Amino acid sequence: MNCSKIKYYVFCCMYIQSNNYLINPLFNPFLKDNYYIFEYGSVPIETRIKFKNRILKRKGAGYQKNIILIEELEKILASGGVSNFNEIIIKQLGCSRRMYDCHKSRLLKQLRTYYFNWEEREGENVSDKINRMFKCGMLKEAKNEILKIVNKPGKKKMRVNDNAALFDFCEKLFYYFSHNNEIRKSSYYFKQAEIINSKIIRSGADKILKSGIRLRFLLLKSFKLTINRFKINNLKKAAVILEKIKVNHFELLSTEQKLKVHHRLGLLYNVFKERERSIKEFKAAKILAEENSFIADALIFESFIMLRKFAENNNLAAEFLEFHKNNYLKIIKCHTDISQIMDYELNYLRFLIYSGDKDTGKFTADYMNRQLLYSRKSDALNSWYLDLSDEVSSNIAKWKITGNKFYISPDKQILDAFIKMNSESFYRFKNIYLPNVLSILYINIAEQEFWRSVNADFLKADLILKKLNRIIKLHNINISISWIETIKLGLEIFEALRSFTKDKVLIKFAGKTGKLTEMLAGKQQTFNISSDFAKLLFIKQEVNHPGFDTLINNFENKIMKLHPEQFEVIKRLANSSSA
């Protein structure tokens, strides 16, 4: 990232008030050195302080290189980024670049060990050690332990038990690399698991082992089909496999495996828009979890049931948000797998964002930090762009209240920074982002033109919106339709204002505006509408016609009556922006 581009990014840091250092345009996590800052900073500050204090108890610790490195890293996190921080730290340490990398690696390893409260157990076999690492969240360390085994030089003929252990290792590596979007490696270990599965089935192993491995491979296969969750045909094939397991082999599965089958089917039927079947799977899973005292799983499935009901009636948001607040500490305490925390937090965030809750920023930061701590690099990189772009775009609209009326004006400096950020992301990273993130990038580019009003580059906006339509058709993406429609409506109106009178613009777009406001006020609107409302106010101001004033004012009154909690979010935004 060159200096001229960083100058534009500095604008964002000047205006965005965030406690999350990740949401900072000066950090580029696609760069190896910057990603290290992300990993180090993902450990909670309280833990980092305790870790440092423990080291300082040693004799002469204040002069040790790891303390110097910690202090320099903390300065970077506190200051919001330094462009040449490597050179500064190397100078402070008085070492070579190679030794600097060694110090960094050693420090991160020790810090993660301290955070996860990891202790070696004397006499523990390697399989139990790896399972314990996976359960507590040390996925990167567990992966390294497995690779030491499977990549051991020399190939000896394996016994059946060795094959069963090797299948377990390949299964874990497949899941690890899948979550990191390393398709080549995940495909390799899937193929290895497939080969080992065939060997065990053809061997003289007992029937219980054969049956268990075969079912685990089918679950593995169903998951592989869902890796690209935007290919609907693959998702349908995965559902068929899981339904066959339910019909033919369900009693042979462990409780954990049964819950996994219900969970995946519940998610798949939601994608297929079969709401009742989705809820049925989650309810069955919840009952099974409660019968077997799986506390965390029961909470997770209740969370998913609530999410499905919320999609039909957004008036339930406050009740469901309260449930997630009340049970958050319980899920942290009772979880048996890190995926439970990730699923719960993601659902919790949906309700926080919709309600405009004050804790949204805190939990967004925590969710991203957990993605880094649990070595889900691909998810973390995509979350970084989503949260950063959301933080910047939400600060473009400056609210003003005069009496009981709202007014909107775009902040030019933040808009310029937003344009530069989108340009950088489009040309450098568009082949890295997942389809859902790429669709957000396209929307952001269209939105930047929206805020330019009649001076927008309408040709660029039209091209980007066509790309967006294509990606939504090709992939199954859950995205706010109202967000897209509000931007499209504004662009169409602004372009029309360049050629037609305001009366003609009103006649042409009154119907479309009315339909959009009806959708925004409906019970099935599951996204926070404050951003859409800001855009409608901006359109009203730009058109400056009594007819449009009436349309938007009627919408405002409807929101006040039907969704007072949403209107409170809008008033809070307006008051904080005007202050």
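Over the ring of which residue does the charged end of Arg 132 sit?

## Charges over aromatic rings

In this predicted model, the charged end of Arg 132 is placed over the ring of Trp 118, at 3.9 Å from its centre. A further case involves Lys 224, which lies over the face of Phe 190 at 5.3 Å from the ring centre.

Phe 190 also belongs to an aromatic cluster, together with Phe 174, Tyr 175, Phe 217 and Phe 223.

## Aromatic pairs

A pair of aromatic rings is described by the distance of the centres and the angle of the planes. Across the whole structure, a search finds 31 aromatic pairs. One of them joins Tyr 188 and Tyr 189 in an edge-to-face arrangement, with 4.9 Å centre to centre and 85 degrees between the planes. Tyr 188 is partly exposed, because its relative accessibility is 44%, whereas Tyr 189 is buried at a relative accessible area of 9%.

The pair Tyr 344 and Tyr 348 is edge-to-face because the ring planes meet at 65 degrees, with the centres 6.4 Å apart. These two residues are four apart in helix 17 (residues 338–355), so about one helical turn separates them. Both Tyr 344 and Tyr 348 are buried.

Leu 520 is part of helix 24 (residues 502–520). Its relative accessibility is 2%, so Leu 520 counts as buried.

Leaving aside residues up to four places away in sequence, Leu 520 touches Ser 482, Gln 525, Ile 529, Asp 532, Leu 536, Phe 555 and Ile 559. Ile 559 is 39 residues from Leu 520 in sequence, and their C-alpha atoms are 8.7 Å apart in space.

Notes: Residues numbered from 1 in each chain as written. Predicted model: local features only at pLDDT ≥ 70, side-chain atom pairs only at ≥ 80, totals over all residues. Heavy atoms only, no water. Buried < 20%, exposed > 50% of the residue type's maximum accessible area, 1.4 Å probe, protein only. Contact = heavy atoms within 4.5 Å. Phe/Tyr/Trp six-rings, centres within 6.5 Å; stacked < 30°, edge-to-face > 60°. Lys NZ or Arg CZ within 6 Å of the ring centre and 35° of its normal.
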